[in-house]
Amino acid sequence: MLSDAALTAFRLNGRFLAVAEDLARPAGLTAAWWQVLGAVLRAPLPVADVARAMGVTRQSVQRVADLLVAKGLAEYRPNPAHRRAKLLSPTAEGRAAVRRIDPAHHALAHRLTAELGEAELAAAVAAMRRLAEALDTLTGDPEQAPGG
């Protein structure tokens with residue numbers, strides 16, 4: 001059962017990444033850039049917090065964050081809680097790029113909801129969250145996960 005869950009998760013991850021690349025490309029973003037920008041749209045965060053939320057390593061998010069800053073899509077701000085761990089924040093250009101993705105993203109969300117039904121989609125999301133939480137509990141810090 002664990003193998004089936006893992007293989008299904010890998011397949012789903014691959015599909016989500018392919019769809020995200022297709023959605024992000026017209027806005028001049030990659031899926032990874034979109035993911036990191038999306039994590040800081042509501043509030044600036046340290047790179048480590050973005051990595052934790054995404055379940056990947058801090059180093060992989062740091063590379064993307066540095067690229068976003070170099071491209072003018074994000075900026076580092078002082079962090080009053082920690083001198084060295086700067087806060088990543090989207091620039092106006094970064095926010096505009098994400099907004100350009102919104103119409104196609106919303107259209108896909110509506111098609112997926114129509115295909116599965118709202119209740120089935122909500123149940124699937126709840127099951128995936130529960131599975132992720134259980135794995136976090138059993139294996140420790142997701143930032144330390146291999147390959148993250």
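A residue counts as buried when its relative accessible area is under 20%. By that cut-off, 24% of the 148 residues of the protein are buried in this predicted model. The accessible surface comes to about 10,000 Å², and carbon and sulfur atoms contribute 60% of that area.

The overall layout can be read along the chain. The protein contains 6 helices and 3 strands, arranged in sequence as α-α-β-α-α-β-β-α-α. Its C-alpha trace extends about 45 × 40 × 25 Å along the principal axes. Among contacts in the protein with a separation of 6 or more, 50% are between residues 24 or more positions apart. Charged side chains number 18 positive and 15 negative, and the centres of these two sets are 7 Å apart.

An unreviewed UniProt entry assigns the feature "domain: HTH marR-type" to residues 1-133. In the model, this span is 71% helix and 8% strand, and its end C-alpha atoms lie 17 Å apart.

Helix H2 (residues 31-39) gives a view of the interior. Its buried residues are Ala 31, Trp 33, Trp 34, Val 36 and Leu 37. An α-helix has 3.6 residues a turn, so residues three or four places apart point the same way. The buried residues of H2 pack against several helices, namely H1 (2-24), H3 (47-54), H4 (58-70) and H5. They also pack against two strands, E2 (74-77) and E3.

Thr 91 sits in the loop between strand E3 (87-90) and helix H5 (92-116). Is Thr 91 buried or exposed? Its relative accessibility is 16%, so Thr 91 counts as buried, given that the cut-off for buried is under 20%. Leaving aside residues up to four places away in sequence, Thr 91 touches Gly 72, Leu 73, Ala 74 and Glu 75. With Gly 72 there is a polar approach: a polar atom of the Thr 91 side chain lies 2.6 Å from the backbone oxygen of Gly 72.

A polar atom of the Arg 100 side chain lies 3.2 Å from the backbone oxygen of Ala 27. Gln 59 is 41 residues from Arg 100 along the chain, and the C-alpha atoms of the two are separated by 28 Å.

Key: Residues numbered from 1 in each chain as written. Predicted model: local features only at pLDDT ≥ 70, side-chain atom pairs only at ≥ 80, totals over all residues. Heavy atoms only, no water. Helix = DSSP H or I, 4+ residues; strand = E, 2+ residues; numbered from the N terminus. Buried < 20%, exposed > 50% of the residue type's maximum accessible area, 1.4 Å probe, protein only. Polar contact = N/O pair within 3.5 Å; in protein donor to acceptor, adjacent residues only side chain to side chain. Contact = heavy atoms within 4.5 Å. Areas by Shrake-Rupley, 256 points an atom, 1.4 Å probe, with all protein chains shown as cover. Lys, Arg positive; Asp, Glu negative; His and termini not counted. Charge placed at Lys NZ, Arg CZ, Asp CG, Glu CD. UniProt positions renumbered as here; feature names shortened; annotations may be inferred.
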